[in-house]
Structure formats: structure tokens, C-alpha cells
Amino acid sequence: MNRTSITILLALSSLGTVGCASKNYVRQETTPLINKTNELDDMTAKNSHDIKDVDSRAQAGIQQVNAKTDAADQKAQAAGQQADQAQASANNASQRVDSLSNAVANLDNYRIVDQTSVLFGFNKDNLTKDAKAALDQLAGNVSNTKGYIVTVEGGTDSVGNGDYNYALSERRANAVIQYLASQHNVPAYKIYLIGLGKDKPVDSNKTREGRAKNRRVDVRLMTNTAEGNTPAQAPATTGQAATPPGQ
């Protein structure tokens with residue numbers, strides 16, 4: 001083998017050694033970088049998980065706050081409605097007092113010609129047979145009375161809510177008015193309606209008999225003239241003697 005060939009072989013051998021050394025070097029240099037990259041990926045994944053966890057807890061907290069706020073709003077609205085209802089009840093009571101005062105003032109110019117009281121069953125507003133008979137008797141004097149009006153005052157016993165009793169007393173009075181209008185042609189403008197509820201008892205509400213007497217409508221035929229078919233000093237009373245059932 002000549003010198004040239006030996007030189008070539010030595011060069012190739014050197015190149016092979018250098019190539020292996022380069023690969024080892026690259027591997028040694030890049031391995032820490034890969035490991036570091038993997039660590040960064042793990043940290044990034046953990047941070048993302050932590051962020052999602054914090055966000056979930058924050059959303060849950062916000063929902064709880066919103067729920068409490070809604071509940072507080074509902075309570076505030078309920079309180080406002082109760083206040084409005086209380087104010088409405090007070091206004092209704094004031095209107096009833098004003099209406100009663102005006103009616104009483106106008107009645108000063110009238111005298112009683114005839115009167116009766118019709119009774120009702122417990123929580124009832126329908127006219128009994130006896131009630132209709134009493135109204136028929138009073139209505140018989142209407143045609144002979146000049147300048148007349150008819151006052152109708154509804155009452156209840158003390159059982160139950162005040163507003164409900166006012167409404168019940170008015171329903172009872174309206175039953176009387178409808179009967180007088182439909183059966184005896186008494187015009188509406190001649191009738192004064194007053195619903196007294198439980199405010200004007202004629203007897204004690206502590207006994208069954210007393211409560212039965214308070215479930216009534218007082219009806220008065222009145223005139224503003226000196227003439228009349230019944231002396232003013234001795235007004236007739238055609239009230240019922242019997243107490244209707246229903247206690």
C-alpha cells in the first residue's frame with residue numbers, strides 16, 4: 001500500500017471518530033433541554049388546572065351571592081306588598097268612616113217611619129223566608145210615605161277578619177237592596193247603604209245568642225216631611241223574632 005492510500009484511510013477513520021463524537025455531544029446537550037421542556041409542560045398543565053379550579057370556586061361564590069341577593073330582593077318586595085296592603089286597608093277604613101259620617105249628617109233631616117232587622121246565618125248573605133216577610137211588611141209602607149229614603153246597615157258578629165266582615169256586611173246589605181228593588185220597585189237612589197262590619201253590635205259577641213243577633217241588616221224607612229203613616233215618636237218595628245239556623 002502506498003503512502004497516498006494510507007493517508008486516505010487515516011482521514012476516513014478520523015472522520016468516523018469525529019461523527020460519533022458529534023452525535024454524543026449533541027445528545028448530551030439536547031437531553032437537558034428536552035427534560036426542561038417537559039417540566040415546563042407539566043407546570044403549564046398544573047397551572048391551567050389550578051386556574052380552572054379557582055375559576056370554578058369563584059363562579060360558585062358568585063352564584064351564592066346572587067342567590068342571597070335574589071332572596072333579599074324577594075323579601076323586600078314581600079315587605080313592600082304587605083306595606084301597600086296595610087295602607088290600602090287603612091284607606092278603605094278611612095273611606096268607610098267618611099261615608100258613614102256623611103250619611104249620618106244627611107239623616108239628621110229625616111225621621112223614622114218604619115224599621116226592621118233581618119237576620120242571617122253564620123257566614124251567610126242570603127235572605128231567609130222570615131227576612132223576606134219582614135222586608136215585604138216594611139215595603140208596604142213605602143207607597144204611603146212622601147220624601148222617603150231607605151237606610152240599609154249591614155252588620156256581622158266578631159268572628160273572623162275585620163276586612164272580611166266589612167265585605168260580608170255589605171253583601172248582606174246588598175241582598176236586602178236587591179230584594180227591595182226587584183220585588184217592591186224601590187229605586188236605588190232612594191237607598192243608603194252602610195256596611196258596618198262588626199263595629200256596631202247590638203248584643204254581646206261572647207254568647208251564641210248575642211252573635212246571632214249581630215248577624216243582621218237594619219232597614220229603616222225614613223222621611224224628611226212632617227207627614228207620614230207612622231208617628232215619629234213611636235216608629236214601627238217589623239223585625240224578626242226568630243234566629244235563623246247556621247251557628
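A nonpolar core is a set of buried Ala, Val, Leu, Ile, Met, Phe, Trp, Tyr and Cys residues joined through side-chain atoms within 4.5 Å. Buried means under 20% relative accessible area, exposed means over 50%, and partly exposed lies in between (1.4 Å probe, protein chains only). This is a predicted model, in which local features need pLDDT of at least 70 and side-chain atom pairs count only at pLDDT 80 or more, while totals for chains, interfaces and linings use all residues. Residues are numbered from 1 along each chain as its sequence is written, and side-chain values use heavy atoms, with hydrogens and water left out.

**View 1. The fold runs α-β-α-β-α-β-α-β-β from the N terminus.** The protein has 4 helices and 5 strands. Helices (H or I, at least four residues) and strands (E, at least two) are DSSP runs, numbered from the N terminus. Of the 247 residues, 27% are buried. Contact means heavy atoms within 4.5 Å. Among contacts between residues at least 6 apart in sequence, 83% join residues at least 24 apart.

**View 2. The largest nonpolar core holds 24 residues.** Val150, Val152, Val176 and Val219 touch the most other members. The elements β1 (111-119), α2 (129-139), β2, α3 and β4 (216-223) each supply at least two residues of this core. Helix α3 gives the most, with 6 residues. In soluble globular proteins, nonpolar side chains tend to be buried together.

**View 3. Val150 and its contacts.** Neighbours within four places in sequence are left aside here. Val150 is then in contact with Leu180, Val186, Lys190, Ile191, Tyr192, Val219, Arg220 and Leu221. Lys190 also meets a ring: its charged end sits over Tyr148, 4.6 Å from the ring centre. A charge sits over a ring if NZ of Lys or CZ of Arg is within 6 Å of the ring centre and within 35 degrees of the ring normal.

**View 4. Asp157 in the loop between β2 (148-154) and α3 (162-184).** Asp157 has a relative accessible area of 3%, so it counts as buried. Its side chain reaches the backbone nitrogen of Val159 at 3.0 Å. The side chains of Asp157 and Arg215 are joined by a polar contact of 3.2 Å. A polar contact is a pair of N or O atoms within 3.5 Å; within protein, one must be able to donate a hydrogen and the other to accept it, and residues adjacent in sequence count only if both atoms are side-chain atoms.

View 5. Asn123 lies between β1 and α2. At 39% relative accessibility, Asn123 is partly exposed. Asn185 lies in the loop between α3 and β3 (191-195). With a relative accessible area of 65%, Asn185 is exposed. Asn185 and Val142 are 43 residues apart in sequence, yet 9.9 Å apart in space, C-alpha to C-alpha.

View 6. pLDDT is the predictor's confidence in each residue, from 0 to 100. Over residues 230-247 the pLDDT is below 50. Beyond near neighbours in sequence, this stretch has 46 contacts in the model. The mean pLDDT of the protein is 74, and 63% of its residues reach 70 or more.
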